[in-house]
Amino acid sequence: MMKGKSYTFFIASSASGRMRRVRVPFYVLHFLAALAIVGGATVLLGVGSYSRMLWKATSYNSLRRQQDSLKQQYVQLQTQVKDTNQRLSSLQSLAGEVAMAYGITRLRQTPFGLMDADAMAAPDTQFQRSIAEFSYLEKHDVSVPMLGGGPRLVPAAQLVGTLGVVPRLWPVIGQITGRFGERLDPFSGEGAFHSGLDIASHMGDAIRATADGVVTEADTDAGYGRLVVIDHGFGITTWYGHLSAFNVEAGMHVKAGDVIGYEGQSGRSTGPHLHYEVRINNTPVNPWPYLRNTVPTAAVPPAAATASVSGD
């Protein structure tokens, strides 16, 4: 067998002129060459990884800037939408008040029409129409006047007043702490549209119906808390929010002055008060014109008390 190969290197000194001989085994040179290749590859991989990291960091910063820009645009659009909604709510409320004042607000859809369609209808259709009209009158006997052929327009203000459907009573006696219209939201501090009156007195004070009607809702709502909604007919409803307990349930007929619940601070509220709304065809209108000309006292209900229904 041959002995292991080696390489001999001669190293000469320029100062003394002496020459030295260095013998390096073959496998050592191979090891050094492999080490150099591995080191070079490692350096190249490191440079590539660092370059990719720089590229990712640059892309991330660009995305962050785009995200911040989109957030600013979103906030601006939210503000514009909020302002537009406030103006729209104000215009709807104004239109509802004007329509109610001049008696041109339409009733909700009923079986009665402005034209005499029975003359052109088949016998079966006439029979079904008569049944529908009878059912409607039976259900709304308190709020539907018999005026000729059953017009769909709200009658004059005097007639509506005699029917007891105009909410003229104060629901509770207290101080008005929040008025109808645009105001600063007590939670966010931003401008917001307030769709009713806030009346504050004492926790547990009786809340009374402001006109005759039918209770359509007595339930809990996220914003209003414990909420009672009364339908007075002719598209007029009143809303009573933030109650501590109920004294009515859905489907009950109530008279003006009946106790429907008790003052509280349920829902989105900063303290005990009643949030009171008047709506015409589900559009909030300013309740103050209905209350400003009345004595701030709630009517005492008849001797027959209503059954108490405790709230959740």
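The turns below go through a predicted model by question and answer.

Student: What kind of model is this, and which pLDDT do local features need?
Tutor: This is a predicted model, where side-chain atom pairs count only at pLDDT 80 or more, totals for chains, interfaces and linings use all residues, and local features need pLDDT of at least 70. Residues are numbered from 1 along each chain as its sequence is written, and side-chain values use heavy atoms, with hydrogens and water left out.

Student: How many helices and strands does the protein chain have?
Tutor: Both are DSSP runs numbered from the N terminus: helices are H or I with at least four residues, strands are E with at least two. On that basis the protein chain has 14 strands and four helices.

Student: What percentage of the residues in the protein chain is buried?
Tutor: Buried means under 20% relative accessible area, exposed means over 50%, and partly exposed lies in between (1.4 Å probe, protein chains only). The chain has 312 residues, and the buried share is 31%.

Student: What is the accessible surface of the protein chain?
Tutor: Accessible areas come from the Shrake-Rupley method with a 1.4 Å probe; for residues, only the protein chains shown count as cover. Carbon and sulfur atoms hold 60% of the surface, and the total is about 19800 Å².

Student: What share of the contacts with a separation of 6 or more joins residues 24 or more positions apart?
Tutor: Contact means heavy atoms within 4.5 Å. Among contacts in the protein chain with a separation of 6 or more, the share from residues 24 or more positions apart is 63%.

Student: Which residues have the most contacts inside the largest nonpolar core?
Tutor: A nonpolar core is a set of buried Ala, Val, Leu, Ile, Met, Phe, Trp, Tyr and Cys residues joined through side-chain atoms within 4.5 Å. The largest one has 25 residues, and the most contacts inside it belong to V228, I230, Y240 and I260.

Student: Which element gives the most residues to this core?
Tutor: Elements giving two or more residues include strand 9 (225-233), strand 10 (236-246) and helix 4 (288-291). The most, four residues, come from strand 13.

Student: Which residues does V228 contact beyond its neighbours within four places in sequence?
Tutor: Its neighbours within four places are left aside. The contacts of V228 are then V215, E217, A218, T238, W239, Y240, L243, F246, V248 and I260.

Student: Which side chains meet in the salt bridge?
Tutor: A salt bridge is a side-chain nitrogen of Lys or Arg within 4 Å of a carboxyl oxygen of Asp or Glu. The whole structure has one. E277 is buried at 0% relative accessible area, and R279 is buried at 10%. The N to O distance is 2.8 Å, and the pair is E277 and R279.

Student: Which turn residue has a positive phi in the hairpin of strand 1 and strand 2?
Tutor: Strand 1 and strand 2 (residues 19-25) run antiparallel, joined by seven bridges. I11 has R20 as its bridge partner. The hairpin has six residues between its strands, and the turn residue, with phi of about 80°, is G17.

Student: Which element gives the largest share of the nonpolar patch?
Tutor: Nonpolar patches join Val, Leu, Ile, Met, Phe, Trp and Tyr side chains within 5 Å, from residues with over 30% relative accessible area and no salt bridge; like charges are joined within 9 Å. Here Y7, F9, I11, V22 and F26 make a patch of about 430 Å². F26 is in helix 1 (residues 26-101). The largest share, three residues, comes from strand 1 (residues 6-12).

Student: Is N282 buried or exposed?
Tutor: N282 is in the loop between strand 13 and strand 14, and its phi is positive, about 70°, although it is not a glycine. N281 is in the loop between strand 13 and strand 14 (283-285) and is partly exposed at 37%. At 51% relative accessible area, N282 is exposed.

Note on methods:
Pairing = 2+ DSSP bridges.
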